[in-house]
Amino acid sequence: MQKSSLDVVRGTLDVLILKTLSWGAMHGYAISQAILRQTDEALLVEEGALYPALYRMEGKGWLEAEWGVSENNRRAKYYRLTFDGRRRLREEMKTWTHYAEAVGKVLGANSKPQWEKA
Amino acid sequence: MARVPIWRRYLRFFGPDVGADVHDELRFHLEAKTSELIGQGRSPEEARREAMRQFGDVTQFSALCRSLGEGQLRKIKWTDRLAEWWYDVRHSARALRRAPWFTVVAVTTLAAGIGGATSMFSLVDAWIIHAVRFPDPQQLVFARSLDTRRGREITVSFPDYADLRDRSRQFQSLAAWSFDSYTLSLENGAERVAGAKVSPNFFATLSVQPVLGRGFIGYEGERGRHQVAIVSHGFWKARLNGEIAAIGSKLNLDGEPYTIVGVLPKDFHFTLAGRVNIWTPLAPAYEDRTRRQARFLQLIGRMKPGVTVAQARQELKTIAGVLAASHPDSNLDVGCFCISLRDEVGRHTGDQIMMIVFAVTLGLLLIACSNVANLLLVRALARKRQAAIQLSLGASRRRLVRQALVETLSVFFMAAVAGALVGWWFTDFSTGFIPYENRGYLPNYGEASLNWTVFAFALAIALLTGLMSGLAPALENARTNVVSVLKESGSAVLQSPKVKRLRLALVTAQIMLATILLSSTVILVKGFREIWSAPMGFDSSGVLTFALALDERQYSDATRQRIFFESVRDAIAVPQQPLKPAIARFVPFGGNSGRTTFRVQDQQLTDPRRLPSAGFNAVSPEFFSALRTPVLVGRIFESRDTQDGPLVAIVNDAFVSQYFPGKNPIGQSVRLSRIKDSSAEIVGVVAEIRNDSDPHTGYPQIYVPFAQEPSAGAYLLLRPQSTSGAAAKPLDLLPEIRRRIAALDPRQPVFDAKTLDDRLNEGFAPFRIVSGILVWFGLLALSLAAVGVYGVVAFSVSQQTREIGIRAALGAGKARLLRMFLRQGIVILAAGLLPGLLGSFAAGLALRSLFEEIVLPGLVPPLLFTAAILGVVVLAATLLPARKAASMDPLLAIRYE
């Protein structure tokens, strides 16, 4: 991933995390594997990058974390969406759909746009 | 997500640890990834490397996470903490409301201890420690001459003063003063005002500047230039309307015009001179200026910086030695000494008494503290179970300790407020208790206000005990093994031998302290009682006394003085009453008395200059009957003992047993140096009359007829008898008396008019005040100790209620159960009382050596008395809760938790 598109990626990562957690509480490893699987490893090149994002979102109050026990009985930190987090996810999804639609329209156009006279 | 075991919640016991959390989280990720890769068939080594590669830079990510997490934590902590504290405050308020007895007892006990200690210390501080409120008070000394043969302090003559002042090198300045009072003439009559004559350097010596006008100037000590006056602030406000124009105006004092040159500061108070309104320069007439036998001055000196009192004393002694050698006829056996002004003031206000009261209060504070310690200890331990529940529900240990802290602090906050009120009230009460007339001799007119530094100090002591007794168990609670506590029944915790021992030790110490306090109080109060119940030698009831001081220019010779006083006596006599008023140079408890040296006619003296001395008074024939003093032998004065008749004298029994042991004193003669060495024949012996609050007897006294030795100043005494059956109030007669005397001479004011009873009350007031305060403190100590014992026993009864129920169910009688508790009480009592009595004995001996001038009673009766009182109180405090428990329904008792 290139530096210039980092911001896009960060915003994207946030939405992906929110979306992943909307299915229920998960620990960091599970989140990372879910995202990797669903995006064909396109958006998360380094798994470690997930964690600062999680901490940042916890700070914003979208997520809350709690220590729990994993499937194989190990101590793990579980994240879940807060009320704010859910609302955020809805907003982000709306924005993304609009954005994707807009970009899709442009990229999918088959005639040259007309300049309107003033 | 699986259920989280309890212990896992407490891995972060001492607050969140972001670093460790991040570390754990990332490691979990890496390990999970590694094991997944191994599951896919990689070798462990390879799997770990692949996991790391996919993760990226671990160090960078963990640092990033940590800084994000910490920033967030700070934000949360700040608001959460405040909310938690507030919660704790509300929680403890609720808890205290639920335990009203604990709260009330703890707060009142502490308030009494803190308030009492503070107010007592405030008084000691105002009256003793800061008694001398002049700049650099440590440089000020009080000096007097010394009769080295009798070891008595005497006043200083003017020539001696001048020599001491001029020859000494250790003093910056040495000033002299003498009490005086003036007749202040006003447009409508005259009035007597308290004054003092001071050497011109007096105020400079004290480093006091008048607030208005100036101090005295050196030449104003010369006779003829001395007619200037400095007035007190109070006099200026009340009599001169506080006008600046008062400076330069004239006051008519003793018939001479004095110009007012200065007004003293409002807080100026020279304790040793009492309440003085008018200060004039000391400018003695030729006789007093030159005669070394005319001793009427007291000295005050300011030492040079760095000079010690001992050095100053040595120097004065040396100069006095030189004077004795050069003026043997007047100064043989006359030394000179000085003590610090503070000590001198302390002598007048009863240093020892105040120190004792202070010690008593400190003891009281200790009792209060141990009481509260006991209460807090019980409370904290009783909460052990609650603490365990809170712990198991996830409360942090820190939080538990903090709750205990907040609760303890709440109690102390309430106690501090109540204590301040108690202290303020008691200080006010104590000073208000002092008769106005007596205040003049107390530093700052006996006014003291609550000392807030001391208050803080007392509070700190109490708080320290509170924290130790309230927090120590709370810390212990926080460390408990939750499971074991929860399994125990609530009471078992409190019966651990360690706790029991501590509580018993506290209550024992309380009883011990109370014993010492109470017995010391009893001893002192009994000793003080002796002071005012010892025989007076006269009957004070219903006697009115007042003084006249004649203008000596107008009444210059003895005849005129005698005639005036006799005409006053006749003018104020009530015709129908057989008892005429009496005239006397001095009255008992009048604040001053006369002395004379004398020579028994046919006794040989080793040194004619060393004569014995006795008290002296000149009285009219009615004196002894007015006072109802028993005449033991011979006769009293009669109308034939006139100016022209032979000089006669009456002595008291102490005089007879000292100078005529086993002989008949009647017909013997004594030569009195006070009356130009004339010989007087003893015609009668009377009982000893007490002259002041000193309860000792055996002071020889000589009386001569007033007619034969009149004076310009004298008292009149009258015992008005009720004519209509109702007792006449002596003071009601005063207006009529004043009118009749004014008819004789309007310029001679009546002053110092008081009933003899009032004089006695004033004389005994300091002892009565202290005695009253001590009684209050003794009672307080007793009740605090009772509360303490009651608390311990009642608690231990409530802890044993189940046991009592079982015993009762098994057939133990009520009497038997009571005996069980009584035994407990007796053990506590004995454990505290025995060391207490030993301590009391030591305290009693110390008191005896401290109060030599007071006749203290034997130690055994007060100690027995104390032991009996404490015994009754402690056993009552034991039996009350025990009876309640013993009469409980056994079934209820067994189920009691």
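**View 1. Contacts and elements of chain A.** Among contacts in chain A between residues at least 6 apart in sequence, 47% join residues at least 24 apart. Two residues are in contact if their C-beta atoms, placed from the backbone, lie within 7 Å. The model is predicted: local features need pLDDT of at least 70, side-chain atom pairs count only at pLDDT 80 or more, and totals for chains, interfaces and linings use all residues. Residues are numbered from 1 along each chain as its sequence is written, while chains are lettered from A and ligands numbered from 1 in the order in which they are written. Chain A has four helices and three strands. From the N terminus on, they run α-β-α-α-β-β-α. Helices (H or I, at least four residues) and strands (E, at least two) are DSSP runs, numbered from the N terminus. Of the 118 residues of chain A, 27% count as buried, that is, with 20 or more other C-beta atoms within 10 Å of their own C-beta atom, placed from the backbone.

**View 2. Helices α2 and α3 of chain A.** The axes of α2(A) (residues 28-39) and α3(A) (residues 50-59) come within 11 Å and cross at roughly 115°. Axes are lines fitted to C-alpha atoms, for helices over the stretch in contact, and angles run from 0 to 180 degrees between N-to-C directions. From α2(A), A:Gly28, A:Ile31 and A:Ser32 meet A:Leu50, A:Tyr51 and A:Leu54 of α3(A). By class, this contact has four nonpolar, two polar and no charged residues. Ala, Val, Leu, Ile, Met, Phe, Trp, Tyr, Cys and Pro count as nonpolar, Asp, Glu, Lys and Arg as charged, and the others, Gly among them, as polar.

**View 3. The largest nonpolar core.** This core has 92 residues. A nonpolar core is a set of buried Ala, Val, Leu, Ile, Met, Phe, Trp, Tyr and Cys residues joined through C-beta atoms within 7 Å. B:Leu110, B:Leu364, B:Ile511, B:Ala514 and B:Ala781 have the most contacts inside it. Helix α13 (residues 351-382) of chain B gives the most to this core, with 19 residues. Apart from it lies another core, of 61 residues, among them B:Tyr161 and B:Phe270.

**View 4. Helices α26 and α27 of chain B.** The axes of α26(B) (residues 814-850) and α27(B) (residues 860-886) come within 9 Å and cross at roughly 155°. The two helices are therefore roughly antiparallel to each other, a term for angles over 145 degrees. Their contact divides into 17 nonpolar, six polar and two charged residues.

Technical notes: A residue is buried if 20 or more other C-beta atoms lie within 10 Å of its own, exposed if 12 or fewer, and partly exposed in between; C-beta atoms are placed from the backbone. Angles under 35 degrees count as roughly parallel, over 145 as roughly antiparallel, 65 to 115 as roughly perpendicular and the rest as oblique.
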